[in-house]
Amino acid sequence: RLLPQHFPPYTIDNLPQLDRIPKDNQFHNSLSYGFHMGRRVIPGVKARLDRKHAQGKILFGISGRPNTSTWLYGSYCQRRDAELPLDKLIFRPRGISGTVSKAVAIKENNIRRFADDDLRVILYLADLFPDKDFDYIMGNPTNIPVNPEELAKRPNIRVVPIDSWMNPDFE
């Protein structure tokens with residue numbers, strides 16, 4: 001069962017203006033940083049992004065990672081090492097939830113389709129942006145099962161197994 005997540009009651013019109021200038025802090029969660037920097041790109045992601053980039057699509061990496069020099073450096077190194085053709089990386093400003101930061105990035109950059117592996121984020125964003133499309137990517141061991149009734153209320157969400165999302169014929 002999906003536990004309720006308490007996100008701020010924003011609408012498209014009252015999303016906050018965010019300062020995305022990196023802010024350094026002396027402390028960072030080294031356990032979280034170590035985990036994330038140890039993550040590798042899911043097989044097939046690079047090929048999918050390469051295809052989209054070749055089609056002329058502008059590709060954004062919208063992350064819930066904090067906007068500090070430590071996280072920026074680590075994330076840019078990961079992107080470089082994986083040779084991901086991302087046109088822009090967007091990080092979470094200090095004091096803002098990753099979900100709200102993603103919502104603002106979608107609005108500011110007029111992103112039409114967004115994919116994430118966190119169902120709570122997808123549900124929130126799909127409600128906030130009923131005119132945009134969202135892919136809930138299933139394939140992570142921590143994925144939350146989908147309630148069909150919740151999806152029926154949100155026709156702008158597709159549930160996509162990771163294998164399908166990586167398929168070259170999948171749009």
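Reader: In which helix is Ser101 found?

Author: First, a bit of background: this is a predicted model, where local features need pLDDT of at least 70 and side-chain atom pairs count only at pLDDT 80 or more, while totals for chains, interfaces and linings use all residues. Residues are numbered from 1 along each chain as its sequence is written, and side-chain values use heavy atoms, with hydrogens and water left out. Helices (H or I, at least four residues) and strands (E, at least two) are DSSP runs, numbered from the N terminus. With that naming, Ser101 sits in helix H4.

Reader: Is Ser101 buried or exposed?

Author: Buried means under 20% relative accessible area, exposed means over 50%, and partly exposed is in between (1.4 Å probe, protein chains only). Ser101 has 0% relative accessibility, so Ser101 counts as buried.

Reader: Which residues does Ser101 touch, not counting those up to four places away in sequence?

Author: Contact here means heavy atoms within 4.5 Å. Leaving out residues up to four places away in sequence, Ser101 touches Leu18, Arg20, Phe91, Arg92, Pro93 and Ile96.

Reader: How do the axes of H4 and H5 cross?

Author: Axes are lines fitted to C-alpha atoms, for helices over the stretch in contact, and angles run from 0 to 180 degrees between N-to-C directions. H4 (residues 98-108) and H5 (residues 119-128) have axes that come within 10 Å and cross at roughly 40 degrees. Angles under 35 degrees count as roughly parallel, over 145 as roughly antiparallel, 65 to 115 as roughly perpendicular and the rest as oblique. That is why H4 is oblique to H5.

Reader: Which residues of H5 meet H4?

Author: On the H4 side, the residues are Thr99, Val100, Lys102, Ala103 and Ile106. Their partners in H5 are Val121, Tyr124, Leu125 and Leu128.

Reader: Why is H5 described as largely enclosed by the rest of the structure?

Author: The buried residues of H5 are Leu119, Val121, Ile122, Leu123, Tyr124, Leu125, Ala126 and Leu128. The cover over them includes H4, S3, S4 and strand S5 (157-161). H5 is called largely enclosed because the buried ones make up eight of its 10 residues.

Reader: What kind of aromatic pair do Phe114 and Phe134 form?

Author: Rings of Phe, Tyr and Trp (its six-membered ring) pair if their centres lie within 6.5 Å; planes under 30 degrees apart count as stacked, over 60 as edge-to-face and the rest as tilted. A search of the whole structure turns up one aromatic pair. Phe114 and Phe134 lie 6.4 Å apart centre to centre, with 65 degrees between the planes, and their pair is edge-to-face.

Reader: How many residues apart are Phe114 and Phe134?

Author: Phe114 is buried at 7% relative accessibility, and Phe134 is buried at 0%. Phe114 belongs to strand S3 (residues 113-116) and Phe134 to strand S4 (residues 133-138), so the pair links distant parts of the chain. The two are 20 residues apart.

Reader: Where is Asn110 found?

Author: Most residues other than glycine have a negative phi. Asn110 has a positive phi, near 50 degrees, and counts as exposed at 52% relative accessibility. Asn110 is found in the loop between H4 and S3.
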